[in-house]
Amino acid sequence: MFTWDGAGNQPPMITIAQRLTKQGHKVSVAGYDSQRSRFEKRGIRFIRMEHTHAMVVASSSTGLDRMIDTAWCCTAQLKDVATLVEREQPDRIIVDCMMYGALAAVEKSAEMTKISYILVHTIPGGISPPGGQLESWAMSSANEMRIAEGLEPVKELWDTWKWAEGRSVGRALVTSVPELDPLAPRLSHSLYRWIGPQVEDTPPSGWINPWAQDDQRPFILVSFSTDPFFDGISRMQRTLTALADQTKYRVLVTTTVTSMEKIDAPNNAIIVEQIPHSEILSLGVDVVVTHAGHGTVSIALRYGVPLVCLPFGADQPVIAQHVEQIGAGIALNGDEATSEQIRDAVERCVRDSSFKIQAKKMSSTIVHVLTEGFCIE
């Protein structure tokens, strides 16, 4: 399994590694040095991609350029995939959908394409829709790399997955449900297999709910991105200001990567380190206020909880708008929404039962897909 050091892409990779291990497979994950402890803590064998590591160390680029050069369109991944496949002799290969270097290595090899799968860790129509943000960032670099490797340039980033189309089973494993993707009708049934949101197995955090069982105030979970690329301080502050009335709300904040030092938190807000959302949501959360990353949205809907979405970029704006479209929450402008607008959106989700009803419908859909399970043929 090949992965990169992003945010929402790693939990699904960990979960699938856990599921495959339980099914009796021997699993190894190849990735970046910064990922090692996260995987090894979960008992997953981890291999550093050495050529890629050398490129990361040598790179002087920063920001988005660094992400493109050393993760998404990293030419060193081609050497690492070829080297590791030759050394490890795997029966099956799974590659993250945004590792265009690793995907090119698979596409170049007829033997590898026979045994390879693509992990789409969010909705395809969110992460790389035709004409979308990711294409504007990465398309030219991806095609430069493909041409240098003797592959045809692609017109859409989705085309980097087409080598897997028409196989006996859907080789693109989508960790979602089609009802969350506005572009699902465009997607090939012979390529995509929807396996539902994947939530990793973690030991109990030990967190204890501090509020009394008879506390009737709406319970609001506030959680923004785990990706350091996005700065959640402004969203966090505006949200906590919106929910500062301690007579009306109970607020639990998971800090993720957002520094709380510069944030004025009200007395009705409890701040905790990142803990599994399933532990919190099972206690009866009324609304989740979030950046609308796929992982947070899908676990909230898994528990039938409506959302107020303040997206940054990537797949988040598409997911946020679709959540609103299906009636399971409200999408706001993440950069510009005022505290008053956030408060009004939370109040609507609390008072208007239609949001809860639609979230519950999505819960039934997600549970049905997860109950079916999946295996690697």
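This is a predicted model: local features need pLDDT of at least 70, side-chain atom pairs count only at pLDDT 80 or more; totals for chains, interfaces and linings use all residues.
Two strands are said to pair if DSSP finds at least two bridges between them.

## Overall dimensions and composition

The protein chain contains 15 helices and twelve strands. Its radius of gyration is 21 Å, close to the 21 Å that the globule rule gives for 377 residues, so the chain is as compact as a globular protein of that length. Along the principal axes, the C-alpha atoms fill a box of roughly 65 × 45 × 40 Å.

Of the 377 residues, 56% count as buried. The accessible surface of the protein chain amounts to about 16300 Å², and carbon and sulfur atoms contribute 50% of that area. Among contacts with a separation of 6 or more, 65% are between residues 24 or more positions apart.

## Strand β10 and its two neighbours

Strand β10 (residues 287-290) pairs with strands on record here as β7 and β11. With β7 (residues 219-223), the pairing is parallel and extends over four bridges; Ile220 has Val287 of β10 as its bridge partner. With β11 (residues 307-309), the pairing is also parallel and consists of three bridges; here Val289 stands opposite Val308. Between β10 and β11 the chain passes through helix α12 (residues 294-302), and this β-α-β crossover is right-handed.

In a regular strand, side chains alternate between the two faces of the sheet. In β10, Val287 and Val289 point one way, while Val288 and Thr290 point the other way. These four residues are all buried.

## Helices α4 and α6

Helix α4 (residues 63-72) has Met67, Ile68, Thr70, Ala71 and Trp72 as its buried residues. They pack against α3 (50-58), α5 (76-88), α6 (100-108) and α9 (133-148).

Helix α6 is mostly covered, with seven of its nine residues buried. The buried residues are Tyr100, Gly101, Ala102, Leu103, Ala104, Ala105 and Val106. Their cover includes the helices α4, α5, α7 (110-115) and α9, together with the strands β3 and β4.

Thr15 is located in helix α1 (residues 10-22). Its relative accessibility is 0%, and Thr15 therefore counts as buried. Apart from neighbours within four places in sequence, Thr15 is in contact with Gln198, Val199 and Glu200.

Glu347 is located in helix α14 (residues 339-351). Its relative accessible area is 12%, under the 20% cut-off for a buried residue. When residues up to four places away in sequence are not counted, Glu347 touches Lys248 and Tyr249.

Gln89 lies in the loop between α5 and β3. With a relative accessibility of 55%, Gln89 counts as exposed, because the limit for that class is over 50%.

Ala292, in the loop between β10 and α12, is a residue other than glycine with a positive phi, near 75 degrees. Is Ala292 buried or exposed? At 0% relative accessibility, Ala292 counts as buried. The loop that holds Ala292 belongs to the path from β10 through α12 to β11.

Technical notes. Residues are numbered from 1 along each chain as its sequence is written. Side-chain values use heavy atoms; hydrogens and water are left out. Buried means under 20% relative accessible area, exposed over 50%, partly exposed in between (1.4 Å probe, protein chains only). A crossover is right-handed if, with the strands pointing away from the viewer, the path from the first strand over the helix to the second runs clockwise. The radius of gyration is taken over C-alpha atoms; the globule rule is 2.2 Å times the number of residues to the power 0.38. Contact means heavy atoms within 4.5 Å. Accessible areas come from the Shrake-Rupley method with a 1.4 Å probe; for residues, only the protein chains shown count as cover.
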